[in-house]
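Me: I am new to this structure. Please take a close look at one part of it, and tell me what meets what there.

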Amino acid sequence: MTAKYAVFGHPVAHSLSPRIHAAFARQEGVDLEYAAYDAAPEDFAAAIHTFGAVGGAGANITLPHKERMVALCSQLSDRAKRAGAVNTITRAGASWHGDNTDGAGLLRDLTERHRLDLRGRRVLLLGAGGAARGVAPALLDAGVDSLWIVNRSAEKADALSDALGEPGRVHTRYLADLPSLGDFELIINATSAGRGEGLALPFSLASPRCLAVDLSYGEAAISFLAWASAAGCTHRIDGLGMLVEQAAESFATWHGRRPDTDAVYAELSARADALHTAD
Ligand code: NDP
């Protein structure tokens with residue numbers, strides 16, 4: 001019987017995950033079905049339950065449900081526990097095992113695809129939602145010097161900082177403090193602000209050799225990456241590579257082998273470039 005996989009989000013119509021997992025499955029000769037389900041927050045738990053009842057084997061969880069999924073899992077990987085957020089679930093008897101592949105995906109994209117060294121960098125993390133929670137522990141493990149978390153809702157930034165448990169290296173500040181924070185060698189936009197009006201950021205945040213990363217991709221990444229260009233950031237990277245790498249990690253968890261990501265990344269990048277050229 002064809003194994004059932006899916007992505008759950010709200011909204012989810014824009015998700016590239018079905019296309020990515022179908023490409024990995026073709027490459028690896030795996031027979032699977034991968035659907036996208038839109039579930040509003042109040043319907044999410046029931047949707048996951050129904051998916052399990054119809055034989056769902058695993059799923060990706062995306063915005064805005066990653067933190068909500070934690071409570072629906074009977075087991076969590078260490079990285080999901082540290083993140084307090086789940087983006088990958090695998091059936092475990094009548095319940096789910098929760099994992100978080102976002103941090104590993106980001107690191108693989110930055111250090112292997114783009115050959116960047118993150119060690120010793122002063123890092124600004126904008127946002128404290130599910131994506132920020134996923135990448136923050138991985139950045140600390142990668143040897144960054146310090147991590148400054150700034151979020152619109154200060155209490156979420158504080159909660160993330162508390163969960164990370166490294167008061168000497170992790171600091172939180174308000175959005176209004178940005179002009180007085182000095183400059184950074186890595187700035188990560190982990191907000192979804194680019195889907196709306198974007199963020200108003202001072203140029204003083206970017207050091208001369210600053211690396212700017214937007215976890216969003218496509219239209220949603222345009223305003224932050226344009227700011228990074230104007231601020232003189234030497235490297236500007238969107239979230240497409242991370243998306244493909246975190247999907248490969250999920251695929252490896254479910255199917256026991258890691259697909260080659262280069263061909264899928266090249267195809268999605270070419271498609272994105274063609275769309276922007278057509279604009
Ligand atoms: P969440 O809904 O969990 O969090 C959204 C975050 O954005 C919160 O910190 C929120 O602040 C902030 N935010 C939203 N609107 C604004 C605004 N107008 N001004 C300032 N801050 C704002 O979403 P996720 O964390 O799951 O996703 C965030 C982004 O990362 C999305 O664009 C998503 O597509 C991308 N992403 C990319 C991945 C990849 O593989 N490339 C993987 C995961 C996510 P507040 O807490 O105050 O509401």
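Reply: Start at Pro-11, which lies in the loop between β1 (3-9) and α1. Helices and strands here are DSSP runs numbered from the N terminus: helices are H or I with at least four residues, strands E with at least two. The peptide bond from His-10 to Pro-11 is cis, its omega near 5°.

This is a predicted model, so local features need pLDDT of at least 70 and side-chain atom pairs pLDDT 80 or more, while totals for chains, interfaces and linings use all residues. Residues are numbered from 1 along each chain as its sequence is written, and side-chain values use heavy atoms, leaving out hydrogens and water.

Now the rings. The structure holds 10 aromatic pairs. Phe-24 and Phe-251 make an edge-to-face pair, because their ring centres are 5.6 Å apart and their planes stand at 75°. Phe-24 is in helix α1 (residues 17-28) and Phe-251 in helix α9 (residues 240-255).

Rings of Phe, Tyr and Trp (its six-membered ring) pair if their centres lie within 6.5 Å; planes under 30 degrees apart are stacked, over 60 edge-to-face, the rest tilted. Buried means under 20% relative accessible area, exposed over 50%, partly exposed in between, with a 1.4 Å probe and protein chains only.

Look at α9 itself. At 1.5 Å a residue, its 16 residues should span 22 Å, and its end C-alpha atoms are 22 Å apart, which agrees. The expected span is 1.5 Å times one less than the number of residues. Of those 16 residues, 14 are buried, so α9 is largely enclosed by the rest of the structure. Gly-256 follows α9, and its phi is positive, near 75°.

Other rings gather elsewhere. Phe-8, Tyr-37, Phe-44, Phe-51 and Trp-96 form one aromatic cluster. Some rings meet a charge instead. The charged end of Arg-113 sits over the ring of Tyr-265, 4.0 Å from its centre. Arg-122 has its charged end over the ring of Phe-184, 4.4 Å from the centre. A charge sits over a ring if NZ of Lys or CZ of Arg is within 6 Å of the ring centre and within 35 degrees of the ring normal.
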